Amino acid sequence: MKAGFLGVGHYAPEKVLTNKDLEKMVDTSDEWIRTRTGIEERRIAADDMDTSDLAFRAAQEALKDADLEAEDLDMILVATVTPDTPFPSVSAMLQHRLGANKVAAMDLSAACAGFMYGVITAKQFIETNAYKNVLVVGVEKLSKITDWSDRNTCVLFGDGAGAAVIGPVSEDKGILSFELGSDGTGGPHLYQTREDLLFMNGREVFKFAVRQMPESSVNVVKKIGLSEQDVDYLVPHQANIRIMEAARERLGIPEEKMSTQIKRYGNTSSASIPIALSEDVKAGKIKDNDLVVLVGFGGGLTWGAVALRWGK
Ligand code: UT7
């Protein structure tokens, strides 16, 4: 039994916040943001739209894409660091709103690596025959913990949701290898303050990321006995184009083989990989049988990667 992607979906709130808009809010420039991060605009959720609302829309799209109903789900996993409330979980809220059976539901907290933790957890339940269809959502409403007076961070983040239904696929498809890790010594570099605002030491996180993301990408490919050049498509966590480029260059693959949704969405933490994946699958950039690498890193510090053969 192999676990793979049966369907993907995403949802981004309508309101677009451009770099020009940010110029009016803090001492920054469109030029600085573009050249240092690759970000051109990001989406911001309305006040009356919380994390579970974003998650619900992405989940509906993923179910439709998988040609499944909510009642076909056996488990719901939601990766987020910005839940509506610490409890009940966003996943339990989703169970109710989707009309799923009274299945297992839990939230995962691994910051920007959260979706990877979710996918790899789903894989374990599927490949041990415990569950069949697992919904994994990566979702954030980061705007509610963003310090809108701090130019070091407020230009980077955005809101959004991405979802995938993970389930059984044929033997030659699906998730072939994975890597997960954490290093709590780096915790002070990226955390939520007592005032409930996001703090980040950008330079330290940058140094960790340019080392870890390329390393994990290579590791998952090596684990299946293939070489870096065999990778058909790379979906890295969309935090900074310079970090993403470091991973692409380490794999030695051309620009068109890497997802670059960062320009439109900024860094959406747990949501960034599934949004990018959903966008690129729908645009036909990822095709049946492609060797795809998904790789994320984030607060914790945490990281995770998978190598997979796309298709059912
Ligand atoms: O998903 C979670 C993981 N997070 C990340 O991956 C983020 C990792 N870090 C980064 O992406 C980068 O470190 C940043 C984009 C956050 C910053 O880029 P940098 O090239 O590392 O810039 P820096 O922090 O070294 O700052 C360079 C200069 C500083 O001015 P001085 O001290 O040289 O005069 C900053 O004050 O740029 C200044 N600066 C800004 N200027 C205009 C910082 N933010 C801004 C801004 N606009 N928004």
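**Exercise 1.** In which loop does H237 lie? Relate this residue to the annotated active site.

*Solution.* The model is predicted: local features require pLDDT of at least 70, side-chain atom pairs count only at pLDDT 80 or more, and totals for chains, interfaces and linings use all residues. Residues are numbered from 1 along each chain as its sequence is written, and side-chain values use heavy atoms, with hydrogens and water left out.

Step 1. H237 lies in the loop between β11 (233–236) and α8. Helices (H or I, at least four residues) and strands (E, at least two) are DSSP runs numbered from the N terminus.

Step 2. An unreviewed UniProt entry places the feature "active site" at C112, H237 and N267; UniProt positions follow the numbering used here, feature names are shortened, and annotations may be inferred rather than shown by experiment. These residues are spread over 156 residues of sequence, yet they cluster in space, with a largest C-alpha distance of 8.8 Å.

Step 3. C112, H237 and N267 belong to the lining of the largest pocket. On a 1 Å grid over the protein atoms alone, a pocket is an open set of points where a 1.4 Å probe fits, with protein on both sides within 12 Å along at least five of seven lines; lining residues have an atom within 4 Å of a point.

**Exercise 2.** Describe the placement and surroundings of the ligand.

*Solution.* Step 1. The ligand sits in the largest pocket, in the sense that more than half of its atoms lie within 2 Å of the pocket's grid points.

Step 1. The ligand is surrounded by 23 residues, the closest being T28, R36, R203, N240 and N267; a residue counts if one of its heavy atoms lies within 4 Å. This shell divides into 11 nonpolar, seven polar and five charged residues. Here Ala, Val, Leu, Ile, Met, Phe, Trp, Tyr, Cys and Pro count as nonpolar, Asp, Glu, Lys and Arg as charged, and the others, Gly among them, as polar.

Step 2. At least two shell residues come from each of α2 (30–37), α6 (151–154), α7 (202–223) and α8 (241–251). The most, four residues, come from α7.

Step 3. A polar side-chain atom of T28 is 2.6 Å from a ligand nitrogen atom. A backbone N or O atom of R151 lies 2.9 Å from a nitrogen atom of the ligand. An N or O atom in the side chain of R242 is 3.2 Å from a ligand oxygen atom. The protein covers 77% of the 950 Å² of accessible area that the ligand has on its own, computed by the Shrake-Rupley method with a 1.4 Å probe.

**Exercise 3.** Locate the cis peptide bonds at P88 and L301, and the positive phi of D67.

*Solution.* Step 1. F87 and P88 are joined by a cis peptide bond with omega of about 5°; P88 is in the loop between β4 (75–79) and α4 (90–98).

Step 1. The bond from G300 to L301 is also cis, with omega near -5°, and L301 is in the loop between β12 (291–298) and β13 (302–309).

Step 2. D67, a residue other than glycine, has a positive phi near 60° and lies in the loop between α3 (51–65) and β4.

Technical notes
Polar contact = N/O pair within 3.5 Å; in protein donor to acceptor, adjacent residues only side chain to side chain.
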